[in-house]
Amino acid sequence: VQLVESGGGLVTAGGSLRLSCTASGSIRSISAMGWYRQRPGEQRETVATISRDGSTKYSESVKGRFTISRDDSKNTVYLQMDSLKPEDTEVYYCNMMIYNQFGYEDSWGQGTQVTVSS
């Protein structure tokens with residue numbers, strides 16, 4: 001299974017970006033999906049998660065500004081990021097719990113850099 005992210009880049013404060021992450025390979029179903037972020041030398045933190053039934057959770061720092069969504073027909077999870085702040089500058093990683101013939105696989109994307117200038 002491979003997860004490929006796209007949509008990161010450079011944006012000025014107050015702007016928006018939309019991240020996408022698509023899974024490919026041996027996939028029967030996907031349960032939870034999520035977005036995480038990490039700064040060099042720090043632990044990875046949860047940004048947002050979405051369950052198979054569409055229930056969402058957000059970290060307090062992004063609540064009201066970011067929106068997570070999923071398209072199971074495309075094996076894709078999205079993160080719409082609005083009202084971006086310089087402190088949102090981090091590497092963002094997607095995660096999916098994928099079920100295939102081998103059981104459940106906890107899969108991660110390669111990471112995409114988001115940089116917000118002031």
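A: Exposed means over 50% relative accessible area, buried means under 20%, and partly exposed lies in between. Keep those cut-offs in mind. The model is a predicted one.

Start with Tyr104. Its relative accessible area is 55%, so Tyr104 counts as exposed. Now take Tyr99. Its relative accessibility is 30%, so Tyr99 is partly exposed.

These two tyrosines belong together. The structure holds 2 aromatic pairs. One of them is made by Tyr99 and Tyr104: the ring centres are 4.9 Å apart. The planes of the two rings meet at 50 degrees, so this pair is tilted. For a pair, planes under 30 degrees apart would count as stacked, and over 60 as edge-to-face.

Next, look at a charge over a ring. Arg44 lies over the face of Tyr93, at 3.7 Å from the ring centre. Arg44 also lies over the face of Trp108. There the distance to the ring centre is 4.7 Å.

Finally, turn to the threonine. Thr76 is found in strand 8, which covers residues 76–81. Its relative accessible area is 4%, so Thr76 is buried. What surrounds Thr76? Setting aside neighbours within four places in sequence, Thr76 is in contact with Cys21, Thr22, Met33, Ser69, Arg70, Asp71 and Met96. With Thr22 there is also a polar contact: the side chains of Thr76 and Thr22 are joined at 2.8 Å.

How values were computed
Residues are numbered from 1 along each chain as its sequence is written. This is a predicted model: local features need pLDDT of at least 70, side-chain atom pairs count only at pLDDT 80 or more; totals for chains, interfaces and linings use all residues. Side-chain values use heavy atoms; hydrogens and water are left out. Helices (H or I, at least four residues) and strands (E, at least two) are DSSP runs, numbered from the N terminus. Buried means under 20% relative accessible area, exposed over 50%, partly exposed in between (1.4 Å probe, protein chains only). A polar contact is a pair of N or O atoms within 3.5 Å; within protein, one must be able to donate a hydrogen and the other to accept it, and residues adjacent in sequence count only if both atoms are side-chain atoms. Contact means heavy atoms within 4.5 Å. Rings of Phe, Tyr and Trp (its six-membered ring) pair if their centres lie within 6.5 Å; planes under 30 degrees apart count as stacked, over 60 as edge-to-face and the rest as tilted. A charge sits over a ring if NZ of Lys or CZ of Arg is within 6 Å of the ring centre and within 35 degrees of the ring normal.
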